[in-house]
Amino acid sequence: MRFLFVIKSFAIVGGVDRVMADKMNYLASKGHSVSLVTYEQGSHPHIFELHPSILHKDLDCRFFTLMSLPLVKRIIKSFTMKITFGIRINEVIKSLKPDIIISPTYPLEVIGAISSHKGSARLIYESHMAYIQLLKEFSKPRSLFGKIIARIYDWRAINRLRKCDCFVVLTQGDSNFWSQYIHHVKVLPNPLTSFPEIINDVPKDNYRIISVGRLTSIKRFDRLIDAFSRICNNKPNWHIDIFGDGSDKDMLNSQISKLHLNNRIIIHPPTNDIYTEMKKSQFLVMTSESEGFPLVLIEAMACGIPCLSFDCPYGPGEIIEHNKTGLLAVNGDISDLANKMQYLMTNPNIIQEMSKEARASASKYKKETVMKAWEQLYFGSLL
């Protein structure tokens with residue numbers, strides 16, 4: 001079988017890139033022909049190792065550069081770049097003749113171009129965002145003009161997505177929304193990259209909380225810092241290690257300094273050995289505004305640590321079993337988050353009990369189990 005994966009770039013440490021690498025490598029190891037097309041990679045090296053049989057081509061259509069241009073020039077350049085992308089992706093599809101084309105959540109103009117040139121190939125769209133991250137109409141309140149623009153955007157987005165042969169979401173909550181507009185919606189979780197067989201091979205820090213993710217506004221690390229500041233004097237030995245990078249880094253460090261928490265909350269760069277860092281910790285906290293499918297929760301559970309998260313849309317409520325594998329805080333309620341953090345910090349026996357349940361629950365996301373379901377989707381889509 002011939003597979004073509006189309007993604008924006010393969011150069012930044014992130015959950016989507018990790019998952020796509022796992023899927024490509026799995027399929028290539030099974031003897032399938034796998035190709036990767038990017039369009040904003042440039043000369044950057046691959047962030048994750050790929051199977052030697054996987055071919056990679058970059059189309060050199062860097063849509064992100066448009067944002068720095070004046071409005072009129074941006075509109076003109078956007079139009080010409082979309083045409084260029086369409087021509088180049090058409091050439092690739094004609095050359096490789098894929099049976100299946102797979103693309104995750106990226107600019108919908110890209111999906112439109114792929115669907116126009118896919119020929120007999122089946123197009124599978126994988127949404128790694130919750131609908132509220134993708135559709136503008138359902139985001140924050142805006143002016144009447146803004147609402148009109150958002151509705152037009154959403155109408156165009158949904159029409160493009162309807163052209164895909166299969167629309168895959170990662171949670172049932174997201175499926176419930178999309179199924180109102182798209183009939184070919186499937187729910188499948190992402191697989192764990194690996195399931196650690198041993199979790200006690202590194203020393204445990206009895207007072208460490210870990211948090212992981214991109215330092216961007218949607219991840220809301222500011223709420224984690226705020227919550228910890230409310231209880232830190234009650235628990236002077238406890239500290240938080242955050243692993244990630246992004247546009248909010250300076251703002252978050254400034255917030256930490258203003259709250260005099262420099263020795264209690266430290267932001268570390270991303271690491272390719274996050275499992276070791278998780279194993280050292282007591283529990284993980286996630287404070288996102290919304291999620292597609294927070295694989296970081298499952299990774300932490302696989303390492304034998306419970307998770308505390310806001311019950312945001314979507315994912316945490318379908319991954320964490322409240323009071324069994326971790327805790328769910330009322331979405332956006334910082335006081336509730338702080339209280340639940342303190343509850344775990346005060347009860348090591350509860351952490352220990354939850355750790356066992358969390359690890360057992362995470363085992364159902366092992367790669368060999370989940371990828372069988374994805375294979376059924378891929379091959380079934382050809383029928």
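Author: A residue is called buried when its relative accessible area is under 20%, exposed when it is over 50%, and partly exposed in between. The model discussed here is predicted.

Reader: Which residues of helix α8 are buried?

Author: Within α8, residues 249-258, those under the cut-off are Leu252, Gln255 and Ile256.

Reader: What makes these buried residues line one face of the helix?

Author: Viewed down the axis of α8, the buried residues fall within an arc of 100°, and therefore they line one face of the helix. On the face turned away from that buried side, Asp250 and Lys258 are exposed.

Reader: What covers the buried residues of α8?

Author: The cover includes helix α7 (221-231) and strand β10 (265-268).

Reader: Why is aspartate 60 called partly exposed?

Author: Its relative accessibility is 45%. Buried requires a value under 20% and exposed a value over 50%, so aspartate 60, at 45%, counts as partly exposed.

Reader: How do you know that arginine 220 is partly exposed?

Author: The relative accessible area of arginine 220 is 23%. The cut-off for buried is under 20%, and therefore arginine 220, at 23%, is classed as partly exposed. This residue sits in the loop between β8 (208-212) and α7, and its phi, near 50°, is positive in a residue other than glycine.

Reader: Which peptide bond is cis?

Author: The bond joining proline 313 and tyrosine 314 is cis, with omega about -15°. Most peptide bonds are trans. Tyrosine 314 belongs to the loop between β12 (307-310) and α11 (316-319).

Reader: Why is serine 35 called buried?

Author: Serine 35 has a relative accessibility of 6%. Since the term applies under 20%, serine 35 counts as buried. Its place is in strand β2, residues 33-38. Beyond residues up to four places away in sequence, serine 35 touches Phe3, Leu4, Phe5, Leu55 and Leu96.

Reader: How do you know that valine 34 is buried?

Author: Valine 34, also in strand β2, has a relative accessible area of 2%. That value is set against a limit of under 20%, so valine 34 is buried. Leaving aside neighbours within four places in sequence, its contacts include Phe3, Met24, Leu27, Ala28 and Ile54.

Reader: How far is valine 34 from serine 95 in space?

Author: The C-alpha atoms of valine 34 and serine 95 are 13 Å apart, with 61 residues of separation in sequence.

Reader: What makes leucine 188 count as buried?

Author: Its relative accessibility is 13%. The limit is under 20%, and leucine 188 therefore counts as buried, although it lies in the loop between β7 (185-187) and β8. Among the residues it touches, neighbours up to four places away aside, are Val168, Leu170, Ala373 and Trp374. The C-alpha atoms of leucine 188 and alanine 373 are 7.5 Å apart, while 185 residues separate the two along the chain.

Reader: Which members of the largest nonpolar core touch the most other members?

Author: In this core of 54 residues, they are Phe5, Met24, Met278, Leu284 and Trp374. Methionine 24 touches Phe5, Phe10, Val34, Leu36, Leu50 and Ile54, residues up to four places away not being counted. Another core, of 32 residues, lies apart from the largest one and includes Phe228, Leu261, Ile265 and Ile350.

Reader: What is the volume of the second largest pocket?

Author: The volume is about 360 Å³. This pocket has 21 lining residues, and Lys204, Gln282, Ile351, Gln352 and Ser355 lie nearest its centre. Helix α13 gives the largest share of the lining, 6 residues; α12 (334-346) and α13 (348-362) each supply at least two.

Reader: How many residues of the lining of the second largest pocket are nonpolar, polar and charged?

Author: The lining of the second largest pocket comprises 10 nonpolar, 7 polar and 4 charged residues.

Note on methods
Residues numbered from 1 in each chain as written. Predicted model: local features only at pLDDT ≥ 70, side-chain atom pairs only at ≥ 80, totals over all residues. Heavy atoms only, no water. Buried < 20%, exposed > 50% of the residue type's maximum accessible area, 1.4 Å probe, protein only. Helix = DSSP H or I, 4+ residues; strand = E, 2+ residues; numbered from the N terminus. Arc of directions from axis to C-beta. Contact = heavy atoms within 4.5 Å. 1 Å grid on protein atoms, 1.4 Å probe; cavity = no way out; pocket = protein on both sides within 12 Å on 5 of 7 lines; lining within 4 Å. Points joined across faces, edges and corners; volume = space filled by probe spheres on them. Nonpolar A, V, L, I, M, F, W, Y, C, P; charged D, E, K, R; others polar. Core = buried A, V, L, I, M, F, W, Y, C linked by side-chain atoms within 4.5 Å.
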